[in-house]
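Trainee: I would like to learn how to read salt bridges and accessibility in a model. Where do we begin?

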Amino acid sequence: ETRHEELTDELFAAPMPRPAMEQLAAFQSVLENALEEDLTYEVAQTVNEQLREMADQSKQDKEAEAPTVTKRDVAFILENCGVDSRRLEAFEENYDQEFGQTAEMPVANLIDRKFQVKTPDVVINVSPEKSDLIQTRVIDGLKYILIPADEGVSVNGVNIKINS
């Protein structure tokens with residue numbers, strides 16, 4: 001893909017916006033770097049859900065403009081998740097450095113179309129609407145990702161039963 005940034009600068013007197021995937025990667029990086037160990041599964045899930053709800057609301061109103069989000073909007077979501085003020089300040093500083101102080105980002109560019117939980121050995125793909133089925137727990141000092149499996153479990157297309 002060829003981007004002619006100098007042409008955009010000349011025609012519109014503004015820099016060319018980053019591609020959506022670059023915006024998503026940069027946003028994810030801002031969250032990771034600012035929140036560090038406070039970026040739990042629950043926080044990541046809530047941020048994703050809240051942004052997805054913003055995007056879905058605008059889809060219902062066909063005449064509405066594509067929704068955007070500011071650093072303050074995301075900081076409010078993080079604050080409601082219980083992220084402490086020191087991490088919120090770090091988020092806002094990182095956001096400013098990455099996107100600019102007054103940047104409004106298209107919500108659709110900050111959410112991934114899929115919801116994926118990944119470890120070095122396992123990848124779990126979940127419909128974003130069902131991400132609440134996944135939980136994290138520490139059991140006997142080991143960290144686990146839990147998924148309810150009462151029915152409909154298959155391995156390589158073969159239905160299996162899980163014995164208790």
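Trainee: Which class of accessibility does E36 fall into, and at what relative accessibility?

Mentor: Buried means under 20% relative accessible area, exposed over 50%, and partly exposed in between (1.4 Å probe, protein chains only). E36 has 46% relative accessibility and counts as partly exposed. This is a predicted model, in which local features need pLDDT of at least 70 and side-chain atom pairs count only at pLDDT 80 or more, while totals for chains, interfaces and linings use all residues. Residues are numbered from 1 along each chain as its sequence is written, and side-chain values use heavy atoms, with hydrogens and water left out.

Trainee: How many salt bridges are found in the whole structure?

Mentor: A salt bridge is a side-chain nitrogen of Lys or Arg within 4 Å of a carboxyl oxygen of Asp or Glu. The search finds eight. In one of them, R87 pairs with E36 at 3.0 Å, N to O. Helices are DSSP runs (H or I, at least four residues), numbered from the N terminus. R87 is buried, at 7% relative accessible area.

Trainee: What does R72 form a salt bridge with?

Mentor: Its partner is E92, with the closest N and O atoms 2.7 Å apart. R72 sits in helix α4 (residues 71-80) and E92 in helix α5, 20 residues apart. Both count as partly exposed, R72 at 45% relative accessibility and E92 at 22%.

Methods: Helix = DSSP H or I, 4+ residues; strand = E, 2+ residues; numbered from the N terminus.
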